Every structure is written in C-alpha cells, then in structure tokens.
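Please look through the sequence and the 3D structure shown here before reading the report that follows.

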Amino acid sequence: MNIEITASGKPFVHNHSAHCESGVTSALFRDQGLDISEALVFGIGSGIFFGHLFFVKMVGLPITTFRSQPGAVFRKAGKRLGVKFVTKRFRNPQKGMAELRQLLKQGQIVGLTTNIYWLSYFPNRFRFQFNGHNLIALREIEGGFRVSDPVLEHPVDCLAEDLERARFSHGPLEPHGLMYYPSFVPQNPDIKKACIKGMKDTCNMMLRTHIPIFGVRGIRFLAKRIKNSPQKLGFHEACRHLGNIVRMQEEIGTGGAGFRFMYAAFLQEAGELFQSDELKQLSQEMTAIGDIWREFAVVSARIIKQRGKTEDTFDKVYDILMECAAREEALFRKLNEVVRKLKV
Amino acid sequence: MELEDEIFNDGLPKAYYKHDDNGQYVLETDAPWAEKVSCALIISGNRANLEEIRKAVLAGQKSPIYYYMEMRQLTSGMLAKAAGIAVFRVKRHFRPEIFAKLKPSVLNRYTNALRVTLEELKTVPNI
C-alpha cells in the first residue's frame, strides 16, 4: 500500500492505474469519500474511442488516438455522477503556481494537466511532447511538490520548475496550467444510471460519427492507409509510421489494446452491478477484440523488427485491422441494444 | 543488452489490465513485447536523427538551436511560441551565420524556452 499524508493530515492512498486520466479521476473521487474503481470511471466517462488524426503531427508522425480527448473522462464522469467540480486555466504561470500552492495549503489535492516531456522523474521512454498527461499534486515540499502520478507505482517528488514548465508548455492542446478538483462529491450517486449514460454515449461516438476518421470508420480508414503506406512512403518510413501507431496503442496517453482491456473490465463490473449476463458476455467479447489489437501490435512489431523478411506484411496488418473494425462494430451494436433493456 | 531491454529496465513499470486465472481483471506490470519493440524503434530513430543533426551542426550547416530544438522534440512552431519569436525568425536562426550575430537578449529567450545554459546553446556536445 502507498499511503501519503496530504497537507491537511488526511491520508491519501496511491493506486497504480493503467491510464492517467481515469486514475486521477478515481483517486480524486476516492479522496472525497466516493469509492469507485478506475475501470468504472473509464466506462462512465466514455473513455474509449478511436480516431486517426493524420493531419496533426507529433514529432513528424501522425496521431492515432484510442481514447476520447484529454479532459473528457473527468468532465463526463463528474457530470454523470453528479459531482460538482472546479476547473481553472491561467494565462500567467506565476499566478497558476501561486493558486496551486494556496489550494495545497488548504489541504485540497488537485488534478493537473501537464506536458509529459518536462516531467523529469519519468525515464526517457515516456518522454515526448504530449500535452495531455494528468497527475495529482498532494502537497508542497522543499523545492517542489509531492505528486501522485497514477502511471507510476509510487508517489514521487517533482521539482517546482519542472511542474511549472509542464503545466505551461506550448504546442498542440496547450494545457494553460489547467487544474481541477471536485468541490462536492455525492456519497451515494446513482452509479447504474451513470453507467447507462456512459455506455450509450460510447455507442454513439463509435458508431454514429459522420466524420470518417473517427469511431469504427476510423479503424477502417487507418487500415487502408497502412495498406497503402509502403508504396506511398517507402518501406522504412512506413515502418516508422507503423511503429508510432503501435507505440501510441500501448504507450502512455493514447493506448489502444490496453484501453480495450480496461473497457472489458468496466463491462465486467457493470455486468455484476446490473446482474446482467449479456454485459458479461460482451466483456468477454471485448477481451477477444483487445487480443486482436494486441496481435496487430505483435505483427507490426515483427514487421519492424525483421524488416519484411517473414510472411508478415502490411496486407496482413490490414486484414487484422479490418477484423477489429468489424468485431467492434458488432460489439457496439449489441451493446447499444443491451443497454436499452437495462433497468436502473 | 538490446535497446528495448535497456530502456525498459528502469524500475518504473506501467500497469496493464490482464485476465487472471479466474477470468477477473487485475493489474500487472509486465510490458508487452510489441510495446517494447515499437518504443525502441522510435527512440533509436530519434537518436539517429539527433546524431545526424549534431554532425551537421559541427560541419557548419545548421545552428545549435536546431540541435537543441530536436533534442527537446519540438517543432519550429512550438519553439517559436515558447520563445516568443516569430516562426520565420526562428527558422532564419537555424542558419549558422545568422545565429553567430544574435544578440544576448534573443539568445536568452532561446535558453529559457529550451532549458539549456547560454554556454551550451553556443555549441553542441562534441563526442
């Protein structure tokens, strides 16, 4: 167990979680007395998504996202559970840091959106310019802050300079020092109702977007682009693009197969909550889809590693992704039916 | 040791949802193989790119600002915003002959944005 003491003397339990934003949200709610798991928060906040943003480049490579936009999980989960929360952005870094110090002194723990590159407690492999990493500041210490980063196993120390840079970094999706904390958390919220809302919203986002780069259509769009990439970009460049997708799929921030497993964990919990076997079956199906995503990652990694010497080709990747798309479409259609039959 | 083992052997594992034997989800900390390979590919690509730029700077084709920008994984647009200098000026400063004439006030803006010292900014590490 990782127990930290905040400035007000209240104990704070640090939990290791698979995704920064849902981890932060569930920790903030838990601190206020609402015990809710990471997976439930993820499902209620409709965290699962897909989008291939070929026109937004990060380190020269297009972004593929496997989750909804940063900040959405906290906002949506908060709304659906009836939590009142405060969010603040700043123009002036000094003001932003002063406000943070003030809140911490009062004993409030605060969620922060940061740029992961400037957080030097991370090892090199985590560090790239991505403005959507979330963490919780627990209290001020000499020369810095004690922070609970849900991606790491234990709470860590962060230099004040690092944190200021990370909170007020530049680039796409600038955080502007965004900080957030719940001001009121209901003790017995209607979790079932929130789950239904979250699931319906997820189905809508995955199935009914009109823009072809999002949702299930987005997966097919990406599949086609990957299939054509060796001819378009040359083999080496195509490998780099593929490697980037796999890294996004697994690595921090955006993480595909991991998110599928997390959603399966949510469906399992929801299935127990509603006593619904159908949801539990869907959870199994989601796990199977997650396994296909993982297979996609493995085949892609093999292509990258062996430079096309094996039978793993870009066409095979295309087939795997198309299967992913077909099965996810079927799953969300089924979920859409099931969720309408659930009773609050 | 291979690069992927090296970069993942730092004692700071991430958590992954996995099925345990009873079909329940639990958190585990072993990174999947695919993640290691793709992460190593990107990092080795970045390192090779940086090395090339370092040589270009030493050969006098680029200014050190370009090297440090690439080291911080920034683009010229992001650097311009962070330093408060127009993009076209930043791009102009990539030319060594123009970089050599920069005033200290401009250099200071770059040192703040790139988080390097003034001495570091004037050269690149010569290994």
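## Helix α4 of chain B

The model is a predicted one, in which local features need pLDDT of at least 70 and side-chain atom pairs count only at pLDDT 80 or more, while totals for chains, interfaces and linings use all residues. Residues are numbered from 1 along each chain as its sequence is written, and chains are lettered from A and ligands numbered from 1 in the order in which they are written.

Within α4(B), the residues Met78(B), Leu79(B), Ala80(B), Ala82(B) and Ala83(B) are buried; a residue is called buried if 20 or more other C-beta atoms, placed from the backbone, lie within 10 Å of its own, exposed if 12 or fewer do, and partly exposed in between. These buried residues of α4(B) pack against α3, α5 (87-92) and α7 of chain B.

## Two loop residues of chain B

Gln73(B) is found in the loop between α3 (64-71) and α4 (76-83) of chain B, and its phi is positive, about 55 degrees, although Gln73(B) is not a glycine. Because 18 other C-beta atoms lie within 10 Å, Gln73(B) is partly exposed.

Arg115(B) belongs to the loop between α7 (104-114) and α8 (118-122) of chain B, and this residue, although not a glycine, has a positive phi of about 55 degrees. Arg115(B) counts as partly exposed because it has 14 C-beta neighbours inside 10 Å.

Helix α6 of chain A runs over residues 191-207, and its 17 residues should span 24 Å at 1.5 Å a residue, which agrees with the 24 Å between its end C-alpha atoms; the expected span is 1.5 Å times one less than the number of residues. The buried residues of α6(A) include Ala194(A), Cys195(A), Ile196(A) and Gly198(A), and also Met205(A) and Met206(A).

Helix α7 of chain A, residues 215-233, has 19 residues that should span 27 Å at 1.5 Å a residue, and its end C-alpha atoms are 25 Å apart, which agrees. At Lys227(A), shortly before the proline Pro230(A), α7(A) has a kink of about 40 degrees, where the bend is the angle between axes fitted to the seven residues ending at a residue and the seven starting there. Among the buried residues of α7(A) are Phe221(A), Leu222(A), Ile226(A) and Pro230(A), and the helix is followed by Gly234(A), whose phi is positive, near 90 degrees.

## How α7 and α11 of chain A pack

Two packed helices are described by the angle between their axes and the distance between the axes. The axes of α7(A) and helix α11 (residues 314-341) of chain A come within 9 Å and cross at roughly 175 degrees; such axes are lines fitted to C-alpha atoms, for helices over the stretch in contact, and the angles run from 0 to 180 degrees between N-to-C directions. The two helices are therefore roughly antiparallel to each other, given that angles under 35 degrees count as roughly parallel, over 145 as roughly antiparallel, 65 to 115 as roughly perpendicular and the rest as oblique.

Residues of α7(A) that take part, including Val216(A), Ile219(A) and Ala223(A), meet residues of α11(A), including Tyr318(A), Leu321(A) and Met322(A).

## Where chain A meets chain B

The contact takes 36 residues from chain A and 28 residues from chain B, two residues being in contact if their C-beta atoms, placed from the backbone, lie within 7 Å. On the side of chain A that touches chain B, α8 (235-250), α9 (256-274) and α10 each supply at least two residues, and the largest share, 8 residues, comes from α10(A).

Helix α10 (residues 277-306) of chain A packs with helix α2 (residues 33-58) of chain B at an angle of about 40 degrees, their axes being 8 Å apart, and α10(A) and α2(B) are therefore oblique to each other.

## Two residues at the meeting of the chains

Ser38(B) lies in helix α2 of chain B and is buried, because 29 other C-beta atoms lie within 10 Å. Not counting residues up to four places away in sequence, Ser38(B) touches Gly243(A), Val246(A), Arg247(A), Ala301(A) and Ile304(A).

Arg240(A), in helix α8 of chain A, is partly exposed, with 19 other C-beta atoms within 10 Å. Leaving aside neighbours within four places in sequence, Arg240(A) is in contact with Leu61(A) and Gly45(B), and the C-alpha atoms of Arg240(A) and Leu61(A), 179 residues apart along the chain, are separated by 8.2 Å.

Key. Helix = DSSP H or I, 4+ residues; strand = E, 2+ residues; numbered from the N terminus.
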